[in-house]
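Welcome! Please take a look at the structure below before reading on.

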Amino acid sequence: MIHRATPKKIFGICCTAMTLAAIGCTSGPAVSPLEKTEDTEKTYPLPDKAIALSFDDGPSGLTEDILEVLSEQGIKATFFLIGENIRNQPSSAQKIFAQGHELGNHSNGYAPLGGNTDPEVIRASLEGASAALKGITGEDPVFFRAPNVNYGENLSAVCAELGLAIIGVSCWSQDWQESVTTEQLVANVLRDASDGAIINCHELQKTLDGLPAVIHGLREQGYEILSVGALAARKNRTLEAGTQYDRLD
Ligand SMILES: [Zn+2]
């Protein structure tokens with residue numbers, strides 16, 4: 001149950017005792033045993049690092065293609081959805097949820113909400129998107145990412161009231177930049193990945209094209225790829241409404 005008052009614990013699942021030490025795995029990748037993945041013949045090092053994968057601005061015409069890649073690879077990600085897009089494409093939003101991914105609030109209509117934006121304007125946007133999300137999941141969302149990751153004190157205060165933790169970014173694919181190619185966005189993620197980071201992607205064709213390479217490259221580096229909520233659980237982090245998290249170490 002989420003109460004709408006002062007900042008509070010909204011997420012605090014303890015990590016199950018999946019200690020890598022128990023199987024003699026230290027932090028060096030060289031000694032990691034190999035593990036066969038469920039869905040491919042490829043082997044990757046047993047994950048000793050974890051990273052969150054997120055997609056912004058959906059649902060879109062590419063949502064189902066992205067879901068197909070994630071499903072093939074056995075990955076659950078976080079989708080920060082825009083309220084108006086959910087109302088335009090409810091079946092795509094429903095599929096994201098039905099396939100076990102996490103849904104977050106990305107505002108109702110993508111108007112900027114940072115700086116000294118009127119709190120009532122912010123509230124209307126966030127509540128609009130949360131209502132659309134609740135229509136899909138049956139629950140109020142607990143994660144929010146601001147349009148253009150543009151933040152401000154008023155936004156933080158409204159998020160605190162509405163029970164939303166603010167999820168930033170620490171690993172940018174830079175796919176939103178028109179000049180960035182598939183090859184470059186893959187390289188950006190693989191270069192800037194770190195344990196506990198949160199990756200930002202968008203529902204774009206070039207990102208869809210690069211997604212298998214991103215997943216493969218991260219697994220080669222020893223990452224388990226998770227949703228934001230699963231990364232928080234894995235890192236034993238309790239997220240507070242109104243607080244911004246760019247990474248979850
Ligand atoms: Zn966005």
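The text that follows looks at how one helix packs against two others.

This is a predicted model, in which local features need pLDDT of at least 70 and side-chain atom pairs count only at pLDDT 80 or more, while totals for chains, interfaces and linings use all residues. Residues are numbered from 1 along each chain as its sequence is written. Helices are DSSP runs (H or I, at least four residues), numbered from the N terminus.

| Helix pair | Angle | Axes |
|---|---|---|
| Helix 1 (residues 63-73) and helix 3 (residues 90-98) | about 15 degrees | 10 Å apart |
| Helix 1 and helix 7 (residues 205-220) | roughly 20 degrees | within 10 Å |

Axes here are lines fitted to C-alpha atoms over the stretch in contact, with angles from 0 to 180 degrees between N-to-C directions.

Let's start with helix 3. Helix 1 and helix 3 are roughly parallel to each other (angles under 35 degrees count as such). Helix 1 passes helix 3 in a left-handed crossing, meaning that the near helix is turned anticlockwise from the far one by less than a right angle. Thr63, Glu64 and Leu67 of helix 1 meet Ser92, Lys95 and Ile96 of helix 3; contact means C-beta atoms, placed from the backbone, within 7 Å. By class, this contact has two nonpolar, two polar and two charged residues. Ala, Val, Leu, Ile, Met, Phe, Trp, Tyr, Cys and Pro count as nonpolar, Asp, Glu, Lys and Arg as charged, and the others, Gly among them, as polar.

Now for helix 7. Helix 1 and helix 7 are also roughly parallel to each other, but here helix 1 passes in a right-handed crossing (clockwise). Asp65, Ile66, Val69 and Gln73 in helix 1 meet Leu208, Leu211, Pro212 and Ile215 in helix 7. The residues of this contact comprise six nonpolar, one polar and one charged.

Conventions. Angles under 35 degrees count as roughly parallel, over 145 as roughly antiparallel, 65 to 115 as roughly perpendicular and the rest as oblique. Two residues are in contact if their C-beta atoms, placed from the backbone, lie within 7 Å.
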